[in-house]
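Could you take me on a walk through this model, one selection at a time? I have it open in my viewer and would like to know what to click next and what I will find there.

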Amino acid sequence: MRYPKIPLAQTVIQLCKLKNIKHIVISPGSRNAPLTLGFSNDDFFNCYSIVDERCAAFFALGIAQQTKEPAAVVCTSGSALLNYYPAIAEAFYSDVPLIVLSADRPKHLIGIGDGQTINQKEVFENHILYSANLKLDLKDDKKPLDKDELPIFKSLENKLERILGLQQSIQSYNEEEINKAINLTRYSKGPVHINIPFDEPLYDTVDQLTVHPKTEDLDFKPLKIDQAELKDCIDEWYVSKKKIILIGVLPPNQIEQQWLDELANDDSVIVFTETTSNINHQKFFPSIDKMIAPLEEADFINLQPEILITIGGLIVSKKVKAFLREYQPKHHWHIGEKTANDTFFCLDKHIVINPNTFFAEFLPKITHVAKSNYLDTWTAVKQWRHKKHLEYIKIIPFSDFKVFSTLFKSLPNKSILQLGNSSTIRYAQLFNINPTLEVYCNRGTSGIDGSTSTAIGCAVANQKQTVFITGDLSFFYDSNALWNNYIPKNFRIVVINNQGGGIFRILPGEKNTTNFDYFFETKHQLTAKQLCDMYNLEYSTARNEQELETSLKSFYNKSKQPRLLEVFTPRTENDTILLDYFKYVK
């Protein structure tokens, strides 16, 4: 096997291997050639070549999301690195392990006007768990100093390292930094950046490794709940007759069924679940907006909890945010090992522990439940809303709302559903999703920029069929996501094309003006047909309910190519149909 000649490249690659980092997403370049050669020549690694760095990073994020293991992205120096930033921010706020391996120029070539060079050190400092800035290997001391190496002496640090012969010190420093970064991404769940300077020549290889780095593991002690804090929780629980548990973004199977069942049988507890929570129970309350949007002041007062418990990541529903900010609970506890967001401006406890561990210690100590009609009252409201929801779907014309209703009923059992942001995820919040599905959406930053790339990375990393539902602007924005050779044949994309940013028609603002159409809604006449032709996807369309139902009958079946279904809906009617829905279900 051939190895890059540069010891630093060997060190990075060997430590990735020792730490079982298998998925490496490489974007082409010259400065990163030592890494590309090393990773691609070793069968241990699954290497992917993706030209667009923004797409590459989201693709890697999709892989890491599914494997629960860090995935690495590799790029050349300069602006290539900056294109990773949207996915890095998403990984940071969504707790996804991601390793950024950026090639860089030596220090003496930075800041002098050399090509493809920027200040890469700490470039992601506000959205990264750790930045490791590695040191350049020293030149072989047996060779005479070449005149081309003289600029190195502009750096006092490099001069001292050369004079004192500190290559071993440099090697130890680099190993320590790489170990620390990879350990953090694995155990703390988030992105890390390893910046790697390489001097030319870049393409030389050798038959034998010249360095043999050692892996180091972090010693993590299991978290334990503070018993005094647990007692406070129990005391507050006993005297409260109205409790809401609000569950945000969670991977599937994160909370054990026995704890869900116990919570469901407490008459003083309502459990609100978002579509992205992957939590299902017949007594829980999905479709939060459907519940809350029609309420009036007296209803909000009756619903106002005394205790609010939040679990999981960020909350999609604007309506539940507005409700709990206006009608605040006496106590807000967040249970989770990482960040506790004070979303409702009343957080008083962050219980830094896994929810299962908390419930295992907390619920067995609850020997009786408060007498309350809280659950029964709001269950009746939920049933009424669901009845009106079904009635409304029958009477509305073909529209975004009708399309989502049809799509969610058609999805194959036990498949993976990836949702685009903006309108897509908000419509999904109004429907009871098939409980056998695994649901994902990039809600860390809630951007439309990498949803397709993430969904494809997810599909590559998982044997289950992945279905991606997205809006037209999000799809066209990330169309380079299709520019790769890894899209599985069973991957399915549904693009709901309402000829612009339909969500802006729902938000406050003056509609149907030239300014609105051009700068907000960004009205267009684009279709996905030419993209499908270029990237070899099967393409079909639906423009009415009958065509949609006919298309969906065979859409998920086995095929020789990935498939895309583009559904065209009426641009100027969707907003009215959605807004009227909340009046109807009241």
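Start by selecting Ser446, which is partly exposed because its relative accessibility is 30%, between the cut-offs of 20% and 50%. Keep in mind as you go that this is a predicted model. Ser446 sits in the loop that runs between strand E15 (438-441) and helix H16 (451-461). Check its backbone too: phi is near 60°, a positive value in a residue other than glycine. Most residues other than glycine have a negative phi.

Next, pick Asn253, where phi is also positive, at about 60°, although this residue is not a glycine. You will find Asn253 in the loop between E9 and H8. Is Asn253 buried or exposed? With a relative accessible area of 75%, Asn253 is exposed.

From there, move on to Gln258 in helix H8 (residues 257-264). Gln258 has a relative accessible area of 43% and is partly exposed. For a view across the model, show Asp95 as well: 163 residues along the chain separate it from Gln258, and the two C-alpha atoms are 26 Å apart.

Now for a peptide bond. Most peptide bonds are trans. Select Glu200 and Pro201, and you will see a cis bond joining them, with omega about 5°. Pro201 belongs to the loop between strand E7 (191-197) and strand E8 (205-206).

Time for a pair of helices: colour H3 (residues 53-67) and H4 (residues 85-94). Their axes lie 7 Å apart and the helices pack at an angle of about 25°, so H3 is roughly parallel to H4. To see the contact, show Arg54, Ala57, Phe58 and Leu61 on H3 together with Pro86, Ala87, Glu90 and Ala91 on H4. By class, this contact has six nonpolar and two charged residues, and no polar ones.

Then go to helix H11 (residues 318-326), whose buried residues are Val320, Phe323 and Leu324. These residues are on the same side of H11, because they cover an arc of only 85° around the axis. Among the elements covering them are strand E9 (243-247), helix H9 (288-292), helix H10 (297-303) and strand E11 (307-311). At the N-terminal end of H11, look for Ser317 as a cap: one of its side-chain oxygens lies 3.3 Å from the backbone nitrogen of Lys319.

Asn574 is buried, with a relative accessible area of 5%. Its side chain reaches the backbone oxygen of Pro570 at 2.8 Å. Leaving aside neighbours within four places in sequence, Asn574 is in contact with Ser399, Asp400, Tyr427, Asn498 and Thr569.

Methods: Residues are numbered from 1 along each chain as its sequence is written. This is a predicted model: local features need pLDDT of at least 70, side-chain atom pairs count only at pLDDT 80 or more; totals for chains, interfaces and linings use all residues. Side-chain values use heavy atoms; hydrogens and water are left out. Buried means under 20% relative accessible area, exposed over 50%, partly exposed in between (1.4 Å probe, protein chains only). Helices (H or I, at least four residues) and strands (E, at least two) are DSSP runs, numbered from the N terminus. The arc is that of the directions from the helix axis to the C-beta atoms. Contact means heavy atoms within 4.5 Å. A polar contact is a pair of N or O atoms within 3.5 Å; within protein, one must be able to donate a hydrogen and the other to accept it, and residues adjacent in sequence count only if both atoms are side-chain atoms. Axes are lines fitted to C-alpha atoms, for helices over the stretch in contact, and angles run from 0 to 180 degrees between N-to-C directions. Angles under 35 degrees count as roughly parallel, over 145 as roughly antiparallel, 65 to 115 as roughly perpendicular and the rest as oblique. Ala, Val, Leu, Ile, Met, Phe, Trp, Tyr, Cys and Pro count as nonpolar, Asp, Glu, Lys and Arg as charged, and the others, Gly among them, as polar.
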